[in-house]
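Thanks for asking me to look this one over. Have the model open beside you while you read, and go through the points in order.

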Amino acid sequence: MQIVSGSLTKVPVIHNVSMQILSFNSTTVINSTCDQCICLMLMNVTPISSFNCFRNNNTCEIFSKSVVTSQLSLVSNSNSSVYFISLPTNDIQLTTAAIQENTSGFTGLWYNRPMFSSCALWNPNATTFANESTLGSHTHGIFIDTYNTIYAGSWSNSFVKVWPNGSSTATRTIQTGLYKPYSLFVAMNGDVYIDNGLLNGRVDKWISNATNGTGVMNISAPCYGLFIDTNNTLYCSLADLNKVLKVDLISVSGIQMMIAGNGSSGLTSSLLDYPWGIYVDTDFTLYVADAGNHRIQCFKYGELNGTTAAGVMASGTISLSSPTGIVLDGNGYLFIMDTGNSRIVASSSAGFRCVAGCSGHSGSTADTLHNARYMSFDIYGNIFYLLTMARIVIRSGDQNWNIGGGSSGEVWNGWSHVKSEDNFRGCGNNFRMTLQKGDMICTYRASYYHPSFDIVILNGKSAGGSFSYDRTKSKKEVYNAFVEFIEKQIAAQTE
């Protein structure tokens, strides 16, 4: 077995974030989840110093200031119904900001949903994290928490291995009583839920450092997918029985409810055919990798009739073949393990695209996939996925390691980024910005894909010239060197 991963952008850690503060104004964002509100604040999309998030009407009220660096920490009260962004008392007047919640059970996500640009790329060549010597010949199930702890299951050897952040050596093996587990999921408190349905007819819960698991859900077939939502509800996709069940882990009754499919295979909106991977959004919308129907089905909370989000009968999306995995990013876009086509595809504001295994054929080389099933994000946006024949692989990308374009008002050795009709924001090399110093002016392209700037216009005339930079340098160092390069190009132009 193999776990593969791909890396992309570093997502800020909530407990150690630099922010900038100075003057007040406020704005209101409608149709924004609390998760998105937090991400906006911590990713410095705007200079936000505090906000209130109201879950009942999806409104995020943002208060912003400008420039003074301080440290932020996220703390909660005892029942986790209110969250505070704490600022040092010597930073202007503001010392705390609260996210007001209408539901006391909201405590944030413990699995990774990084946010990506629509231009995001992953490295076409994957690296192997673990192979057959560690996991046996066949694998099923992978989970990565927000501490970057990796959990992966061996179907052939009937165990689950656990790797702490940064370690290539597993520090825990969960095995006693398991028989060919198909899937796993980890709860917020660290309890590990593992499919044990093939022979033993149940889903087991393993608490920290336990030597034996306890049954929490009786099943008559394996769960090919497991998921736990923010209400502590456990979901199980029974591929062999063409349905998805759920059970409340808090309730003592343990009553199961069928929430998708009815046990018969079919292509209508209420039926499934070999449902494999599942994913539940924070609004409790259920996504199902409906493998036999070559589609992704979406079931709104409380509805038994689904809509097709991608694949067969969903015009304008993408063709799929036996999809087996589905995850969402921080913007709610789909990442799909398109197993039959040996690739991973994703949606974005620009539509669907292939992000891994895009050669058009399967294989065992670093740039191909073969019989890949499950996948998960780490905190940096790397994609870890399982090749069921003995590997865990990491698919990495470097789009966001690049400097990208500048912002209006920035000054580098006398050159300022300015507003211009030549400016354009888009994907790839279609990201144009303009720098000006006195009567000298330069429009350039900032590549998303490579650490480079390409000059387009110098002093009103079409021009060329490419400037490559070192990713290890600071933005200031890069731009100071770049404007020096521009001046040399202008001098050459006037000779």
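**Notes on the model**

1. Helices here are DSSP runs of H or I with at least four residues, strands are runs of E with at least two, and both are numbered from the N terminus. This is a predicted model, where local features need pLDDT of at least 70 and side-chain atom pairs count only at pLDDT 80 or more, while totals for chains, interfaces and linings use all residues. Residues are numbered from 1 along each chain as its sequence is written, and side-chain values use heavy atoms, leaving out hydrogens and water.

2. (Buried means under 20% relative accessible area, exposed over 50%, and partly exposed in between, with a 1.4 Å probe and protein chains only.)

3. Now zoom out. The protein chain has four helices and 39 strands. Of its 495 residues, 51% count as buried.

4. Look at the inside next. The largest nonpolar core holds 71 residues, and Leu 286, Ile 326, Phe 335, Ile 344, Ile 383 and Tyr 385 touch the most other members. (A nonpolar core is a set of buried Ala, Val, Leu, Ile, Met, Phe, Trp, Tyr and Cys residues joined through side-chain atoms within 4.5 Å.) There is also a second, separate core of 19 residues, which includes Trp 415, Phe 467, Val 483 and Ile 490.

5. Pick out Phe 335 and check its neighbours. Leaving aside residues up to four places away in sequence, its contacts (heavy atoms within 4.5 Å) include Phe 116, Trp 122, Met 375, Phe 377 and Ile 383.

6. Strand 10 (residues 139–144) is mostly covered, with six of its six residues buried. It pairs with strand 11 (residues 150–154) in the antiparallel sense over four bridges; pairing takes at least two bridges found by DSSP. Ile 142 stands opposite Ala 152 in strand 11. The two strands form a hairpin with five residues between them, and Asn 148 in the turn has a positive phi of about 65°.

7. Finish with strand 35 (residues 432–437), which runs antiparallel to strand 34 (residues 415–418) and is joined to it by three bridges. Val 418 stands opposite Thr 434 there. Six bridges join strand 35 to strand 36 (residues 440–446), again antiparallel, and Lys 437 has Met 440 as its bridge partner. How many residues lie between strand 35 and strand 36 in their hairpin? Two, and Gly 438 in the turn has a positive phi of about 60°.
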